[in-house]
Amino acid sequence: MARRIEKWLIPPIIFAAVVFLVGINWGLPSRKVDPFLFGDHPVWSGKEIAQLLGNRGSLSMGADVDANPNRLRPMVLNDTDEKRAEIVARYRLYSYQPDEMITFRALSTIPQTHGDPRLYQYGGLWVYPVGVLLKIASVVGVVELRSSVEFYLDHPEQFGRFYLIARLYVFAWAMVGVWAVFWLAKKMTGDRVVAMLAAIAYAAMPVVINMAHEAKPHLPGVVLMLLAVMAGVKYVETSSRRWAVGAGALCGAAFGMVLTGVLAFILLPIMCFLRWRAKSPLAPSRFFRALIDCILATLAGALVYSITNPFVVLHLLGDREVLFSNLQNTQAMYRELIQPDTLLGAAKLIAMGATPALAVLGAAAILFAPRKQDIARKLMLGVAVLVLVQFVMLSMDKPGEYARFGIFLDIALMLLGFGAIGSVVTHPKIRWAVLGVLCAITMVWTAGYVWHFTNDSLERTSRMIIAKRLQETFDRGARELAIYNDPAPYCLPPVDLFKWKMVLVDSGGAPTRSTDVLIRPIDSIPKQDTPMLDFEVVYWTRPRLLDTPISWAAKPFRVLVRKGYVETN
């Protein structure tokens, strides 16, 4: 039997390994931006940049807290060498993904904070293993670990390897997810071919393939949740307390990987309830046993979280300033409550993550499901409902990248849909054909993401193409560039810091009288756009395949250019 399972696992493992690894080196920092940033000015060394930077930030802040909040706008961003040095440092150290850098900021504080990463929405099960992997990579000569930032400012390609190591950590968890999805699909349907196709669909889903290319803990956290569901199934089937404790430990590990993993704990009372109701009559002794199992599982989860995140516990018991600094920063980004458009926005984000076909199939499977269902479906659905509530409550006006918080929901919809077809369509070949078509449809979106990650891993990335166009716009007479966020490789292609006047404006603000170019990254290019007086709306790096709104790779940019500076040929 083991050989047969391994045989059917081979195709999804090969497919997942290919699509997860292709383009994994996308958007890394390098010295290729120097000609655009410095133009005719002498290029600064790492030592010069470090001297101009001085001491930035505060150890009393969380690792992802803005060091320059509440600034007045509009304001000029590059009128002093100190400000220019801040911008250069971002282009030398940051990737095209805005959140990846905070892991390394957290790791850089550990020597001064005696092991406290000061990053708590990303758990210790994420931060510490990345640090350990970097240390191992340095021992074997893959990366160079230096205590001075000057070295990495001089050699940004070396720092780019840090991102690769962290992304490979995500890749490893993503591959575990292939096996977990295969196991759950087989448990739901008893059909190995359906399980194989479900594992392929998992690897092809936009939200999964995107998060497998980013150094962030969301996908590993979801894989741990899937493993917890597997342990929960085994507990309900066997009534073994070790499976209950194992499920609790995995829930704690999911929470220890990323803050949203706390939602996994809803699994524990659900599985214990199902175990209690597994037989009739409902004896009181079985109820108390299930209750004790639930308590022990919860304690196991709390213990795993505490071990992997000891400083959260210490801060809760002592000084809470750093903890609240970090968590309040996170809360500020997700404070919208449910409003009339929230459900529609959440549905769009779910469709982005799972593809519309899989999202509709999963929703239909839930709405028209028979009352009697297998244990795996009940547990998946129970956790998915809580994830859905959290996702909808915080989804108002969120960009495509917010879809990462719905990964478990997207996987659950796919599994429930595949399980429904596996149960309804009795003829095996017809069942396999239908699910094969669904996989093929999902791969259409996969192709777009794979292409864009590959495109941004090549010599001439999309942002470098835009940098050349901005340079040409400057040559035609444009001088003032307006942006909505601090210049960084993820939100602005490199521009000449000594010639352009760069102005920070309010989000959504219109161009001013002196603005020549206004630029911002967008999720996708709209079919129609309202023209503006004296400005022409142009879009650079138009996606060559389907839009990939969840991803920062090959991000399209919306550009307003004063008509006198628009290319005429």
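The lining of the largest cavity comprises eight nonpolar, six polar and one charged residues, where Ala, Val, Leu, Ile, Met, Phe, Trp, Tyr, Cys and Pro count as nonpolar, Asp, Glu, Lys and Arg as charged, and the others, Gly among them, as polar. This is a predicted model, in which local features need pLDDT of at least 70 and side-chain atom pairs count only at pLDDT 80 or more, while totals for chains, interfaces and linings use all residues. Residues are numbered from 1 along each chain as its sequence is written, and side-chain values use heavy atoms, with hydrogens and water left out.

A cavity is a set of points, on a 1 Å grid over the protein atoms alone, where a 1.4 Å probe fits but cannot get out, and lining residues have an atom within 4 Å of a point; grid points are joined across faces, edges and corners, and a volume is the space filled by probe spheres set on the points. Three cavities of 30 Å³ or more are found in the structure, and the largest has a volume of about 130 Å³. Of the 15 residues that line the largest cavity, Val222, Met225, Thr260, Phe405 and Phe408 lie nearest its centre. Helix 11 (218-238), helix 19 (375-393) and helix 20 (407-424) are the elements that give two or more residues to this lining, helices being DSSP runs (H or I, at least four residues) numbered from the N terminus. Helix 11 gives the most, with four residues.

The second largest cavity, with a volume of about 50 Å³, has among its lining residues Tyr120, Tyr122, Tyr128, Asn309 and Phe311. Helix 6 (124-139) and helix 15 (310-317) each supply at least two residues of that lining, and the largest share, three residues, comes from helix 15.

Key:
1 Å grid on protein atoms, 1.4 Å probe; cavity = no way out; pocket = protein on both sides within 12 Å on 5 of 7 lines; lining within 4 Å.
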